[in-house]
Amino acid sequence: MLLTGAPAREARAQAPPDEARIKAAFVFNFVKFVEWPAGAFQTPSAPIVFAIVGDGATATATKLFLTDKQVGERPVVVRHLKWDEPLSGVHAVFVSDGDANRLRTVFSAAAASATLSIGEGVAFAERGGVIALLVEKRKVRFDVNTDAAHAAGLVISSRLLALTRAIHSSSASGVRP
Amino acid sequence: MSQLVFWTLRRKLIAIVMTISALAVALASGATILYDAHRMRDVVHGDLSSLADIAGANSVAAMTFGDVTASREILGALGLKRGLVAAALYDRSGKLFASFGATARQTNGFPAWQTLR
């Protein structure tokens, strides 16, 4: 998982950088360890809807990575949304917009519609995002805000929580070594 | 051997009975030892398979996110089982992902995935 191996300059222009691609793979894999509240999916084979808010390398890589993917029986549907659009029917949202006010709007919309919010940087989870991706010692790691997950009615698998860099919660928080 | 001719009938009967009994005991013991060895191997195999399944199931998340450290921690817990000296996790392509225990020198390197199938 080391972010090594620089691609050729020509290739770099088309394909997203390694870091963004790894983060995109993480975003995809997170949903395998999250349980949505009953009623979030109509049928066992109903599609899982991903929304992308904002632009940037990771957003682009995530959109590319998720296209034509499947989670178990569920096909993945990707939508590009604006920060103030409602998140009803969206199961997971990747937010690359860093504006605090906009984030707050997205977070309250996510909590109201049982949407898993994923973003970048420690501040994302501290401000109320569920999962924040970050790079530490050249490795992609992530923080989880369990309060935000709880507020959205999402259950994060303990197996995923065991891998976090830090858990942000009103009851317990701390950075794992 | 020629002395047997001069044995009393009683002595001959005792010798025959003793020989047959000794043979029966030897046969029964041999069968028991073989059965126990076979059974023990099955028990150890079942035991290790269960442990491997548990460690594998617990490592799904760690392997999904490429977390070698977490995988090593999970494998490390296997060290609590006496007699278990080494464990390794292989990814879908058969590449060694994480290992625990005996050094490569002691185990002559972890075996290639293909040889484990």
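At 40% relative accessibility, H80(A) counts as partly exposed, a class that lies between buried (under 20% relative accessible area) and exposed (over 50%), using a 1.4 Å probe and protein chains only. This is a predicted model, in which local features need pLDDT of at least 70, side-chain atom pairs count only at pLDDT 80 or more, and totals for chains, interfaces and linings use all residues. Residues are numbered from 1 along each chain as its sequence is written, chains are lettered from A and ligands numbered from 1 in the order in which they are written, and side-chain values use heavy atoms, with hydrogens and water left out.

Helices (H or I, at least four residues) and strands (E, at least two) are DSSP runs numbered from the N terminus. Beyond its neighbours within four places in sequence, H80(A) is in contact (heavy atoms within 4.5 Å) with I52(A), G54(A), D55(A) and K63(A). With G54(A), the side chain of H80(A) reaches the backbone oxygen at 3.2 Å. As for D55(A), 25 residues separate it from H80(A) in sequence, and the C-alpha atoms are 9.4 Å apart.

H91(A) lies in the loop between β4 (74-81) and β5 (92-95), and at 6% relative accessibility it counts as buried. Leaving aside neighbours within four places in sequence, the contacts of H91(A) are W36(A), A40(A), F41(A), P47(A), I48(A), V49(A), A114(A), T115(A) and L116(A).

G72(A) is found in the loop between β3 (70-71) and β4. G72(A) and A123(A) are 51 residues apart in sequence, and their C-alpha atoms are 32 Å apart.

| Residue | Relative accessibility | Class |
|---|---|---|
| H80(A) | 40% | partly exposed |
| H91(A) | 6% | buried |
| G72(A) | 69% | exposed |

**A helix pair in chain A**

Now for two helices of chain A. The axes of α2 (residues 18-30) and α3 (residues 57-66) come within 8 Å and cross at roughly 55°; axes are lines fitted to C-alpha atoms, for helices over the stretch in contact, and angles run from 0 to 180 degrees between N-to-C directions. α2(A) and α3(A) are therefore oblique to each other, the class left over once angles under 35 degrees (roughly parallel), over 145 (roughly antiparallel) and 65 to 115 (roughly perpendicular) are taken out. On the α2(A) side, A20(A), R21(A), K23(A), A24(A), A25(A), V27(A) and F28(A) meet A57(A), T58(A), A61(A), T62(A), F65(A) and L66(A) in α3(A).

**A helix in chain B**

Over in chain B, helix α3 (residues 68-76) has A70(B), S71(B) and L75(B) buried. They cover an arc of only 140° around the axis, which puts them on the same side of α3(B); the arc is that of the directions from the helix axis to the C-beta atoms. The buried residues of α3(B) pack against α2 (60-64), β1 (86-90) and β2 (96-101) of chain B. Where α3(B) starts, a side-chain oxygen of D67(B) reaches to within 3.4 Å of the backbone nitrogen of T69(B).

**The chains as a whole**

Chain A has seven helices and 11 strands, and 45% of its 177 residues count as buried. Chain B has five helices and two strands, in the order α-α-α-β-β-α-α along the sequence. Buried residues make up 16% of the 117 residues in chain B.

Note on methods
A polar contact is a pair of N or O atoms within 3.5 Å; within protein, one must be able to donate a hydrogen and the other to accept it, and residues adjacent in sequence count only if both atoms are side-chain atoms.
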